[in-house]
Amino acid sequence: MTQQGAALQTYNNELVKCIEELCFKRDELNKLIQQEEAEKARLQHDIRVLTEKLSRVNESLAHRLNARAEFDRTIAETEAAYMKILESSQTLLSVLKKETGNLAKATEPRSSKDH
C-alpha cells in the first residue's frame with residue numbers, strides 16, 4: 001500500500017505541477033490579450049482622431065477649391081473686360097489720329113496754286 005500511496009503522491013504532484021504550468025501559461029496569454037486590447041483601443045482612438053482631422057481637411061480643401069474657382073472666374077472676367085477696354089482704346093486712338101489728320105489738313109493754309 002505504501003508503494004501505491006507513493007505512486008499516487010507522485011501523480012498528484014505531477015498533476016499539480018501541470019495545472020500550475022497551465023495557469024502560468026494562461027496568465028501569460030491573458031497579459032498578451034490585455035496588451036493587444038489596449039493597442040486595439042489606442043488604434044481605434046487614433047483612427048477616430050485621424051478621421052475627424054481628415055474630415056476637417058476635406059472641408060477646408062473644398063472651401064479653398066471653391067474660393068480658387070471664384071478667383072479664376074473673377075480674373076477671367078476682369079481680363080476679358082480689360083481686353084475690351086484695350087480694343088476700345090485702340091479704336092479711339094485710331095479715330096482720333098484720323099480726325100487729327102483731317103483737322104490738320106483743313107487748317108493748312110492753301111497754296112496759291114489752289115486759288
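## A pair within helix H1

Glu70 and Arg73 both belong to helix H1, where they stand three residues apart, about one turn of the helix; helices (H or I, at least four residues) and strands (E, at least two) are DSSP runs, numbered from the N terminus. The side chains of Glu70 and Arg73 meet in a salt bridge, with 2.7 Å from N to O, a salt bridge being a side-chain nitrogen of Lys or Arg within 4 Å of a carboxyl oxygen of Asp or Glu. Glu70 has a relative accessible area of 42% and is partly exposed, and Arg73, with 39%, is partly exposed too; buried means under 20% relative accessible area, exposed over 50%, and partly exposed in between, for a 1.4 Å probe and protein chains only.

The model is predicted, so that local features need pLDDT of at least 70 and side-chain atom pairs count only at pLDDT 80 or more, whereas totals for chains, interfaces and linings use all residues. Residues are numbered from 1 along each chain as its sequence is written, and side-chain values use heavy atoms, with hydrogens and water left out.

## Overall form

The protein has one helix and zero strands, and helix H1 covers residues 2-107. Along its principal axes the C-alpha trace spans about 165 × 20 × 10 Å. The radius of gyration is 49 Å, whereas a compact globule of 115 residues would have a value near 13 Å; this radius is taken over C-alpha atoms, and the globule rule is 2.2 Å times the number of residues to the power 0.38.

Buried residues account for 0% of the 115 residues. The accessible surface comes to about 11200 Å², and carbon and sulfur atoms contribute 60% of that area, as computed by the Shrake-Rupley method with a 1.4 Å probe.

## The annotated span

UniProt, in an unreviewed entry, lists residues 19-60 as "coiled-coil region"; such annotations may be inferred rather than shown by experiment. In the model, this span of residues 19-60 is 100% helix and 0% strand, and its end C-alpha atoms lie 61 Å apart.

## Further salt bridges

The protein has seven salt bridges in total. One of them joins Glu39 to Arg42, with the closest N and O atoms 2.8 Å apart, and these two residues of helix H1 are separated by three positions, about one turn of the helix. Glu39, at 35% relative accessibility, is partly exposed, as is Arg42 at 41%. Glu39 and Arg42 are also linked with Asp46 in a network of salt bridges.

Arg26 and Asp27 form another salt bridge, in which the closest N and O atoms are 3.4 Å apart. Arg26 counts as exposed at 53% relative accessibility, whereas Asp27, with 38%, is partly exposed.

## Cysteines

The count of disulfides, each a pair of cysteine sulfur atoms within 2.5 Å, is zero. Cys18 is in no disulfide, and the nearest cysteine sulfur, that of Cys23, is 11 Å away. Cys23 is likewise in no disulfide, the sulfur of Cys18 being the nearest one at 11 Å. Cys23 is partly exposed at 31% relative accessibility, and Cys18 is partly exposed at 45%.

## A nonpolar patch

Tyr82, Met83, Ile85 and Leu86 make a nonpolar surface patch of about 400 Å², and Ile85 has its place in helix H1. Patches are made of residues with over 30% relative accessible area and no salt bridge, like charges being joined within 9 Å and nonpolar side chains (Val, Leu, Ile, Met, Phe, Trp, Tyr) within 5 Å.
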